[in-house]
Amino acid sequence: MAKFIQAFENKMDVNRDLLLLLLIGGLYSLGIFLSNTFVNIYLWRQSGDYITIAVYNIGINLFQALTFILAGRLAKKVDRIIVLRLGVIFLSVFFLSVLIIGEKASYFNFLLGCLLGIGYGFYWLAFNVLTFEITEPDTRDFFNGFLGVLQSLGGMIGPLFAGLIIAKLDGNVGYTTIFTISFILFIFAVISSFFLKRRSAKGDFYFRRILYERKNNKNWSRILYAHFFQGIREGVFVFVISIWVFIVTKSEFALGTFNLVLSGLSAVLYFIVTKYIKPSRRKKAILIGALLLYISIFIILFNVNYLLLILYAIVIGIAYPIINVPYVSLTYDVIGKAWKAGELRIEYIVVRELFLNVGRIVSVLIFLLCVSLFDAEKIIPILLVVFGAGHLIIYLYVRNISMGSSSRKEILMKEQLTDEKDR
């Protein structure tokens, strides 16, 4: 932390927009980590069935994918700041809706999921584009490093603090409190966005052209299908593991502790992995991380208790950084060397997100079908074994990617911190 503060003091040329974007990113991270994991538990408390939670998550993934396409088009036609603001506004509306609906939230699960998905789509498209545009080569390390610290703090403190509040306050008072805090944080993020300098947009949106580019570019095709299978794993694991933790412990505080272990360990490992995994070791690292991630499933498959769940959190907290650091770097190397990457970077981001979210939707739809036809307690472990192989399939695609000589990255984005979507 001291190094980042010193870097801040030394960089007198750090512009106001960069600092404002950091502030917005920090407010977003804290707001999401504080509440989002517990929305699934809030709905579970009201409904007590997996179908309600699955439908909520389908709403998130479906509308996140659709909104990414719309947000990409808007980012080429209107001010990028407006797109960012739309994202934060929809996230604010989501938490406000949860507060207003209250104990009937499970009846509006799909609507709530749609609101959250729209917020995610607008926010992340705009934030990623603005990160590229606002930062310069000499400020990107500072920006990404400091944002990583903010995300780490949010990932460690948010769930634990929320779990403590919910555990201490009776009834739904605790949930109302943390949702209110998240709503206020997003309102502050909206206000902060008005101080960002307006950034005019230009150019046409060539979504279909980049979608079909996979027929011309084998590396692009492979990385897209890898993201589809990444989504296959994430779709179900995002909510099943959190629910299992709650079912075993009957405690939101225990769930907060689980997330503290997961996020804290991942944050440390990301710094270590970033330093030691070189480009020549990327594919081997992805394989090792994928194997660890798949093996971790069997820790909780046959006997679930809190100690085993914490052990599971430790293993995946180690595995995800080993996978994600080289995987994200490889993804943007592929994009950086693709056709008209600099001019069409927004389209490449949108298409990648489309494949990722389609994978998540397919995963949750299969889950819904299976729990409707079979006993949930018997079929879910089988589904975890099947869907859990998603990252192993990722390796089968990326191992054949050939980059040739090293390329200048056209897009620099950090997807480091393990959050509610990674279980």
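With which side chain does the side chain of Glu 353 make a polar contact? The partner is the side chain of Arg 352, at 2.4 Å. A polar contact is a pair of N or O atoms within 3.5 Å; within protein, one must be able to donate a hydrogen and the other to accept it, and residues adjacent in sequence count only if both atoms are side-chain atoms.

The model is predicted: local features need pLDDT of at least 70, side-chain atom pairs count only at pLDDT 80 or more, and totals for chains, interfaces and linings use all residues. Residues are numbered from 1 along each chain as its sequence is written, and side-chain values use heavy atoms, with hydrogens and water left out.

Two residues in helices (DSSP runs of H or I, at least four residues, numbered from the N terminus) are set out below. Buried means under 20% relative accessible area (1.4 Å probe, protein chains only).

| Residue | Helix | Relative accessible area |
|---|---|---|
| Ile 24 | H2 (residues 16-47) | 0% |
| Glu 353 | H13 (residues 345-373) | 8% |

Contact means heavy atoms within 4.5 Å. Beyond four places in sequence, Glu 353 is in contact with Gln 64 and Phe 68. With the same exclusion, Ile 24 touches residues including Leu 84, Tyr 123 and Leu 196. The C-alpha atoms of Ile 24 and Phe 188 are 8.2 Å apart, although 164 residues separate them along the chain.

Note on methods:
Buried < 20%, exposed > 50% of the residue type's maximum accessible area, 1.4 Å probe, protein only.
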